[in-house]
Amino acid sequence: MNSSLLAPQFASEFGRNSALLVFVLYIAAVMFLAWMSSRLSQRTSFVSEYFLGSRGLGLWAFAMTFAATSSSGGSFIGFPSIVYNHGWVVALWIASYMATPLVAMGMLGKRINSTARKTGAITIPDLIRDRFESPLLGTVATLLILFFLIFNLVAQFKGGSIILQTLLEDVPIFQQTSLRLAEGLQGIPLLGDSSNKPGYLLCLLVFSGVVIIYTAYGGFRAVVWTDVMQGIVMVAGVMIMLPLTLWAVGGLRSATEEMSRMTPPRWVMLKLSLTSPSGPTPLSNIALSSAAAGALHPATASAMEVPQNSWLVMEEGERRRVFRTANRAMLTSGESSAASSSSDSLTATVPAIELTYQPHVLRQTPTVLAAPIDVQVLESTPYQYGDGMAGVYVSGPGPDAKKASGFMPISLAVSFFFMWTFSGAGQPSSMVRLMAFNHSDTLRRAIFTVSIYYSMIYFSLVVIFCCARVLLPGWETESDRIMPEMARVTTAIAGTPWLAGLILAAPFAAVMSTVDSFLLMISSAIVRDIYVRKINAQASEKNIKRLTHLVTIFIGGLAMLAAISPPQLLQDIIVFTGSGLSSSFLFPVTLMLYWPRFNHQGALAGMLGGFLCYSSLYLAGTLAHPQKMMTAFEPWGFHPFLIGSLASLLVSLVVTLWTQPPPGPLVKRYFGRSD
Amino acid sequence: MRDEGTVAMKPSALSYDPEYVQSLRELAVILLLFAACFAWTICVSAFAGYGSAHSNSSQPSGVASESLDFGDLPESLPATSIILGMPSWVFWGIFMPWLIIDIVVVWFCFRFMQSSSFSYGVEPSPMTPGEPAASAGVGNEQ
């Protein structure tokens, strides 16, 4: 099946508008849930209700909020991109999700819930402070959470906006509104600078506005209820997409067999020329749109655009070469080279990939452009691992364009197996959910529910995006878009383009469910752990409520402003902050729940030891490779999370055993038999 | 902050809460299950899933070439056997343990893990401002 021929079909008007319709319905539902939650909170204590849902979460609310918060935009954008680029080996990369619910929920759930009830803790810093009766520990925990989460929030805002932009970019009303917004913002400091990316800015304003309003208005319960809806949207999106994909590709066996014959593409640098008929005759000619030939003449035109992801086909006698541009190229008269220096030619250089798998090469049709152009290959760079190797997409370590050891050597597989499971367990945003379920039976059922949920989502995503390699070749140029493209293609093939909107809501739901949780954690850290604990312990509930709303809006607004010109390394920042929190909190929190001898000196040393070790590895990596920010030094190939966590454990043990045991009554309170 | 007058207690002198002891048992089982998943998945994948890719005879691996000659592609990869549509190493190394752990989770959650008689469902008075911390059983940090 030639999927590229489907492109005009799946961009149908109906399919495009369905994304907008689904989005509007989705936002309306989110706002309705926030309103409901706010009404409920008026009947209960504000602090407990707003930050912890009065510890009353039942099975579905608890299971879905836990699962949805763990699944961020990376699960539906970054992860599909990785599967697409590296093939079946990514199943091993994600395999530890088989045990993640058991470990992340079962290891800490009962103990953290019962301890929080004993202390009356509302937040994680609350819990740590009260468990050890140490205000210093609570302050350190608050500062660590603020440090990591504020960075993360900016990155998540950017991710959410990009996903929304991908969803809506083909909708005419969105395009018009974006342009009007850009015109209106011209000259305004900071906002005006972003006028060259009007779609992103509009999405950022909409995304931020919605998240800030419903989080500030509805609090924890609104976040949980929207998480339930978002969790259902995610699993529904995947479960719809799976059969559509398998049907489109002719079955999983067929896809895997074809993958076993595939070879990776090559990265090339192309020179594109629009040459006058009287100019020099190029050595290699291309045919793009013969129908469009003559539509644009270099003698009269000043520039010509070749869009990103254009297919360029070069015919050399019997031989056919197929390229796909990785960037937008603007052919102008400013460029010239020895090969084609001519005053009346428009030229541009652009990075691209060249397909090497012959069936894809033979069936790919070129993109229709305004005029035929010439293509010259200036440079060709093979994959460092996997070039010319059949079977590389169905075996380890998987192809990699940059690493000679392949995508995932077995040492890295070991790292990731530990990392996904224990990093998830050590997230304060996960821990605070474990404080909120209403009964231990809820925990038992939720572990089972989330296990099934993860099995359905993650293994299915591997299957879907392995099939995407067969169905949609050439998306190495912009692999972060493979999820929306697959949604559009599979629904178009099945004759149900309206379903694309529902499927595409899944990644948006994933990132939104993460952002709202982080926003609430930050506001709880500032209001509960700093203002009430340190500044005004006698503040009235009314004042706290007002301050909480203001802080949520202020922090959200600040993150939105920072996200207008966000750092480039989105995924790197998310990994840095998520793993950093776990390195700092996982072992101190686990030990405080299970080890009676553990004392506040050990907990403090463990948190700071994990944080400092983890940060030092990132600092060392960045200093060693100043051209690549956020690069970690990885001793023996192990991720800094593992090293940082082990350092935290070791320091916790040593310092605890080196110092006085905790007071007897404190130990008895949390570990002793109740009289 | 340590209360004045409190004394350190040897954990061995403490009569442990049975629910805490049960939680420790559950923790041990969880870690054992994780270790089993880890050992199975990594061992099977490492032995059966790595290194079976091969170069096309006409195109040496890792060599850049301006003029590509793709030659005759193999009909299928000899080392790849497929079970239920996935490479056999994925089936045995990832899909099967995933399926089995899901079944074991049923046993763990509904047979082994015990309900707690702790006062779940009873919301302790939340530590609202103005309310003494000790009323919720919290040490006063002021």
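Me: Which residues is A:Ser208 in contact with, leaving aside its neighbours within four places in sequence?

Reply: Contact means heavy atoms within 4.5 Å. With those neighbours left aside, A:Ser208 touches A:Phe157 and A:Met560. This is a predicted model: local features need pLDDT of at least 70, side-chain atom pairs count only at pLDDT 80 or more, and totals for chains, interfaces and linings use all residues. Residues are numbered from 1 along each chain as its sequence is written, chains are lettered from A and ligands numbered from 1 in the order in which they are written, and side-chain values use heavy atoms, with hydrogens and water left out.

Me: Where is A:Ser208 placed, and is A:Ser208 buried or exposed?

Reply: Helices (H or I, at least four residues) and strands (E, at least two) are DSSP runs, numbered from the N terminus. A:Ser208 sits in helix H12 (residues 198–249) of chain A. Buried means under 20% relative accessible area, exposed over 50%, partly exposed in between (1.4 Å probe, protein chains only). A:Ser208 has a relative accessible area of 0%, so it is buried.

Me: How does A:Ile526 count by relative accessibility?

Reply: A:Ile526 counts as partly exposed, because its relative accessibility is 24%. Its place is in helix H19 (residues 499–535) of chain A. Beyond its neighbours within four places in sequence, its contacts are A:Leu146, A:Tyr531, A:Val551 and A:Ile555. A:Thr548 is 22 residues from A:Ile526 in sequence and 8.6 Å away in space, C-alpha to C-alpha.

Me: How do I read two packed helices?

Reply: Use the angle between their axes and the distance between the axes. Axes are lines fitted to C-alpha atoms, for helices over the stretch in contact; angles run from 0 to 180 degrees between N-to-C directions. Take helix H9 (residues 124–132) and helix H24 (residues 664–671), both of chain A: their axes come within 9 Å and cross at roughly 125°. H9(A) is therefore oblique to H24(A). Under 35 degrees counts as roughly parallel, over 145 as roughly antiparallel, 65 to 115 as roughly perpendicular and the rest as oblique.

Me: Which residues make the contact of H9(A) with H24(A)?

Reply: H9(A) supplies A:Asp130, A:Arg131 and A:Phe132; H24(A) supplies A:Leu666, A:Tyr670 and A:Phe671.
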